[in-house]
Amino acid sequence: MYMEHKVEKDVATIWPPAHFNISAHRSFRESCKMLMEQVEVGVLIVDFRNVDYIDSSVLGSLIYIKELFEKKDGVIKIANAQGTVKEIFKIAAFNEIFEMT
């Protein structure tokens with residue numbers, strides 16, 4: 001099952017579910033891999049606009065996808081993280097690992 005996404009030119013955006021945890025991380029990984037293989041995406045934006053909960057599996061999945069994407073000279077960005085999710089990213093130093101908008 002793939003997550004909601006869109007592709008415009010070389011930019012893909014993916015929207016994880018509001019409760020983004022271990023039960024959704026496999027779908028997230030599969031969706032990101034599909035986007036990398038299906039089109040010539042240079043930028044992947046993970047839009048956390050609707051996400052209000054993440055667990056450690058999400059952090060691991062983001063690192064995994066970042067490594068895969070960088071092998072193809074791609075860039076991954078985290079967008080619209082808010083509240084607790086934004087604080088978790090900050091505590092985990094994701095603001096130093098990812099471009100966050």
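I began with α1 and listed its buried residues: A24, H25, S27, F28, S31, C32, M34, L35 and M36. Buried means under 20% relative accessible area with a 1.4 Å probe, protein chains only. An α-helix has 3.6 residues a turn, so residues three or four places apart point the same way.

The model is predicted, so I noted the limits: local features need pLDDT of at least 70, side-chain atom pairs count only at pLDDT 80 or more, and totals for chains, interfaces and linings use all residues. Residues are numbered from 1 along each chain as its sequence is written, and side-chain values use heavy atoms, with hydrogens and water left out.

What covers the buried residues of α1? I found β1, β2, β3 (19-20), β4 and α2 among the cover. A contact here is heavy atoms within 4.5 Å.

I checked the length of α1 next. The helix has 17 residues and spans 25 Å from its first C-alpha to its last, close to the 24 Å expected at 1.5 Å a residue. That expected span is 1.5 Å times one less than the number of residues.

Then I turned to the sheet. Five strands make an open, mixed sheet in the order β1-β2-β4-β6-β7. Strands count as paired if DSSP finds at least two bridges between them. Helices (H or I, at least four residues) and strands (E, at least two) are DSSP runs, numbered from the N terminus. β1 (5-8) and β7 (99-100) are at the edges with a single partner strand each, so one side of each has no neighbour in the sheet.

I followed β1 to its partner. β1 and β2 (residues 11-14) run antiparallel and are joined by four bridges. E8 has V11 in β2 as its bridge partner. Helix α1 (residues 22-38) packs on the sheet and touches β1, β2 and β4 (43-47); its direction makes about 165° with that of β2. Axes are lines fitted to C-alpha atoms, for helices over the stretch in contact, with angles from 0 to 180 degrees between N-to-C directions.

I also looked at α2 (residues 56-71). This helix lies across β4 and β6 (75-79), at about 145° to β6.

Last, I took the whole chain. I counted four helices and seven strands. Their order from the N terminus is β-β-β-α-β-β-α-β-α-α-β. Buried residues are 42% of the 101. Of the contacts between residues at least 6 apart in sequence, 71% join residues at least 24 apart. The C-alpha atoms fill a box of roughly 35 × 30 × 20 Å along the principal axes.

Notes: Buried < 20%, exposed > 50% of the residue type's maximum accessible area, 1.4 Å probe, protein only.
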